[in-house]
Structure formats: C-alpha cells, structure tokens
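User: I am new to protein structures. Can you show me how the labels follow from the values?

Analyst: Gladly. Here is the structure to look at.

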Amino acid sequence: MLNDLQDVQGPFGVPEIMKYQQNRYPLLFVDEISEVIPGKFAKGKKAFSYNEWFFPAHFDGNPNVPGFVQIESLVQVFLMTFLTLDGNAGLQTSFVSLDAVKFKRKILPGDILSIHAELESFKRGVAKGSANSNVNGESAVSATFTIAIPEILAKFRPLDIN
Amino acid sequence: MGSLETYKNAFKKLFELEDSSLDKLVYQGIPEWDSISHMELMTILEKEFSIEMDIDDIIDFSSFELGKSILAKYGVQF
C-alpha cells in the first residue's frame, strides 16, 4: 500500500501525513501538505489556534509560538520531501544538524504558518535541505537541516570497531 | 592536484585533521568519524573521483588505508 503513495502530490491532511511520518500529538506540527514532489519539495501549513497546549505557558499574557515549535513545523514539512520517496514512508528520523536558523517575526495565536521545504540531497539515509516560511506573505522562520533515517543509515556504516 | 592529495584533503577538511594523523585513522577512531560523517565522507569521495561505490565497499571502508585499496577498485590511482 505504501508504494501506492509514491505519486501522491497532495493536498492531504493529518491522517495521510501520519502515514509518512511518526510525529504525533502533541508534537505533530503540520496540518496540511498542499503539494509535494517526492525527492524535490513540499509545501505545508500549520495553523496556530489559541487552543494550542503551549500558549498558556509561553507566555502568560503574551502568548507566542515557541522557537522549537516553529522549527519542528519546518522540519515536519521537510520530512515529507523524502519520506514520500519509495520505501521511506513511516520510517523514524533523527536530527543530525540544524543550521542558519532565523526567526524573522513573532508567531501569534491565529497565525497560519505557510512552509516551503526543499530537498537538496538524499543519499544513504541522509537528507539535506532547507525550509522557509511566511505568515500572510511576511517572512517568518527559516533554517537548513541534515536529517537521518537511522534504519537506512545502519545498512551502510562499517561495523563498530570500538 | 594528485589523487592522494585529493583523498587526504577529503579527510582533513571533514575531520579537521593534519597529515600526520591520517595513516592510522580508522572509523570511530576519532569522535568525528561516526556513522553520519561516514556517509558524508563517501559522498565527498564519490564526487571528487566521479565514482559511485557499492554498499559492500562503503561498509568495508573502515580506515584511511583500506579506503585507498577500495578506491583503487574504481580506477583511482594513488
């Protein structure tokens, strides 16, 4: 069945997104993938309702989206660029590096973050790429990533020596 | 630049090493040469020498010295 998903272009919502990635509530931070070309790019959205679990704590009287949530939103759209490739759906991923992070505006309750993620390369379980975002056309958070799929990576590494 | 210099530079740039550290360098012999950077090293070498290595060779590539004999299989002359 997963092979049938290879050509999906979107749009699709959370149930479909969860077929590709293992992030779940309360740490699933993408609501919709509007378009994806496996191996190339993905576009997605995250709407931050006032009811988000983190707003009461970040911060009382001045609710705004924590930086780590903004980054996770970018990453979770980025994951779709390579988890939609044949054989990758549903595999666990892990961060390798996160660079060039820029927070260009505060994200507030009611804002909808539109994200565009590009895959630069995917080889032997290691994905490199970037994502940028905006709220109503106004630039928001952006970053570059290296993310691994440990299950694939393990097939290529030398036997542990130490 | 000769093949040996290109080969050495790949390790030196990626792991920030001096020439003198290379000969005895092995996978996981330094913290920097882990499973992730191993894939990066393979990608750099493939690009530098315009080759594509088989899975078995990538797994066997466990030291600086062994790497030279593996690359020789792809026509890289040292």
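Analyst: This is a predicted model. Strand β3 (residues 41-47) of chain A and strand β5 (residues 112-123) of chain A run antiparallel, with 7 bridges between them. Lys45(A), for instance, has Ser114(A) in β5(A) as its bridge partner.

User: What makes β5(A) and β6(A) a pair of strands?

Analyst: Two strands pair if DSSP finds at least two bridges between them. β5(A) and strand β6 (residues 126-135) of chain A are joined by 9 bridges, so they pair, and they do so in the antiparallel sense. Ser121(A) has Lys128(A) in β6(A) as its bridge partner. The hairpin of these strands has 2 residues between them, and Arg124(A) there takes a positive phi near 50°.

User: Why are β1 and β4 of chain A called edge strands?

Analyst: The open sheet has 7 strands in the order β1-β2-β3-β5-β6-β7-β4 (chain A). β1 (12-13) and β4 (94-102) each pair on one side only, and that makes them the edge strands.

User: How do you know that Asp111(A) and Arg105(A) form a salt bridge?

Analyst: The cut-off is 4 Å between a side-chain nitrogen of Lys or Arg and a carboxyl oxygen of Asp or Glu. Here the N to O distance is 3.1 Å, so the pair counts as a salt bridge.

User: Is Asp111(A) buried or exposed, and why?

Analyst: Buried means under 20% relative accessible area. Asp111(A) has 13%, so it counts as buried.

User: What makes Asp19(B) and Lys8(B) a salt bridge?

Analyst: Their N to O distance is 3.3 Å, which is within 4 Å, so the pair qualifies. The pair links distant parts of the chain: Asp19(B) lies in the loop between α1 (3-15) and α2 (35-49) of chain B, and Lys8(B) lies in helix α1 of chain B, 11 residues apart. Asp19(B) also meets Lys12(B) in a salt bridge, at 2.5 Å, N to O.

Key. Residues numbered from 1 in each chain as written. Chains lettered and ligands numbered in written order. Predicted model: local features only at pLDDT ≥ 70, side-chain atom pairs only at ≥ 80, totals over all residues. Heavy atoms only, no water. Helix = DSSP H or I, 4+ residues; strand = E, 2+ residues; numbered from the N terminus. Buried < 20%, exposed > 50% of the residue type's maximum accessible area, 1.4 Å probe, protein only.
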